[in-house]
Amino acid sequence: MTSSPSISRPEHSNYRWVICGLLLFATTCNYLDRNVISFLKEYFCTPESKGGFGWSNTDFGNLTACFTFFYAGMTVIAGWMIDKIGTKLGLALSLSLWSGFGILNAFAGRLVIMHMVIRSAFGFGEGGNFPASIKTVAEWFPKRERAFATGIFNAGSNLGAMGASLFVPWCLIHYGNAAGWKMAYILTGAVGLIWLIFWFWLYDTPKAQKRLSQEEYDYIHSDRDPGALLDNAGDTAKIPWFKLLGYRQTWAFVWGKFLTDGVWWFYLFWLPDYFIKQFGMTSSEVRLPTFTVFGVAIIGSIYGGSIPMGFIKRGMPVYRARMLSMLLIALFPLCVLSTQYFGDVSHFGKNAAVLACATICIAAAAHQAWSANLFTTVSDMFPKKAVATVTGIGAMAGGLGGVLIGKVPGALLDSVARTPQSAYAIMFLFCASSYLIAWGIIKILVPRHTVITDL
């Protein structure tokens, strides 16, 4: 059993869940700030003669792609930095950057290029959230609980999107469009700065955390692999990226992220526009369906992370349980193939929006369940000192996939302006099939669990 340094500790504790709560708070802020722009699209794309910015769908697509590109580039750098400087400082720096540039976005004016510049810097800051959070989970949780803990903090991506779906339209209504879009950026950006107080007050590594009991400390380290013992002296050791790219496990994670992250980017940035164009909803009316989709997705995030635990308790090895869970989860997004059928108002009338929303709810919940398990494969196979770097590499790949998906809807919508339904049908086809393709590639690259011990 691993022992910790001799510091004063309580007799019993469950402090790891407090750390998980901090990560949930940070991820909620991350997606609250990120998702503001999707609810401003209708105003930004309104002709100038009607008081808007006069942007095209392609302009908006380029803006989201630009943000995603810089987010993707930063994730790999952030992962390496966080493995070097640690999670406490790394996540604090990341949040400070994205909150600051999120507020600055309110002063970008009407020009697309100015929004691109500031949103790119914003993406540069946001890139550190997931590498730091996954590394924190690896430090604070035994393997059997990591997918569940990841599912809990990853639910913040839904809470943030839900908050944006209610708060941004309210800002536009309360302050008026001309001032409301600015206040949306300022107020959401300011929320993240509050988190810093709690982070510096409550967070430390398990070795140094006085609120953590010896019993819980030993439990956290109870299922370490032999190779993980190297972490005691090398948590911040520099591991070259090119060396990590030599492992099939890295490429399995890279392909999993590249093929599926774009789906979530699509839901985040284009879902409000889908409900507006498909069903003629107003910016105010779109709040309920988008809130519902991201709310239901929380169930997928938390429950999906717990699925492997059930298989593990029955004696199934961790990696086999993880892969079986991901295969089952990958079947559910196929339901969005029927979204445009159920969304046909001529067939289903007022129920069409409800039915279409239901299919997207299932797919969004499945994505979050998939994501919780995919993230955890990194800490299953790599020592803790490499987790943030590998997560950053994979997140960069996912971001690049998001860049492609960010540009496609805008180009499709501008090319078939009279029939936006056909453009969204193409997008839903991709959303349905990407998970099974990704699972197959992962299984080919890593057919059985092999712990990496030579880093």
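**Starting with a tryptophan**

In which helix is Trp 241 found? Trp 241 sits in helix α12, which covers residues 241–244. Keep in mind that this is a predicted model.

Two helices, α3 (57–85) and α4 (87–104), each supply at least two residues of the patch. The top contributor is α3, with 5 residues.

**Inside the core**

The largest nonpolar core has 138 residues, and the ones touching the most other members are Phe 44, Phe 266, Tyr 267, Tyr 274, Phe 275, Trp 370 and Phe 382. Helix α13 (residues 248–279) gives the most to this core, with 17 residues.

Take a look at Tyr 274. Leaving out residues up to four places away in sequence, Tyr 274 touches Phe 279, Thr 339, Gln 340, Ala 356, Ile 360, Tyr 424 and Phe 428.

**Helix α1, checked for length**

Helix α1 runs through residues 16–35, 20 residues in total. At 1.5 Å a residue, α1 should span 28 Å, and the 29 Å between its end C-alpha atoms agrees with that.

Of those 20 residues, 15 are buried, so α1 is largely enclosed by the rest of the structure.

Terms used:
Residues are numbered from 1 along each chain as its sequence is written. This is a predicted model: local features need pLDDT of at least 70, side-chain atom pairs count only at pLDDT 80 or more; totals for chains, interfaces and linings use all residues. Side-chain values use heavy atoms; hydrogens and water are left out. Helices (H or I, at least four residues) and strands (E, at least two) are DSSP runs, numbered from the N terminus. A nonpolar core is a set of buried Ala, Val, Leu, Ile, Met, Phe, Trp, Tyr and Cys residues joined through side-chain atoms within 4.5 Å. Buried means under 20% relative accessible area, exposed over 50%, partly exposed in between (1.4 Å probe, protein chains only). Contact means heavy atoms within 4.5 Å. The expected span of a helix is 1.5 Å times one less than its number of residues.
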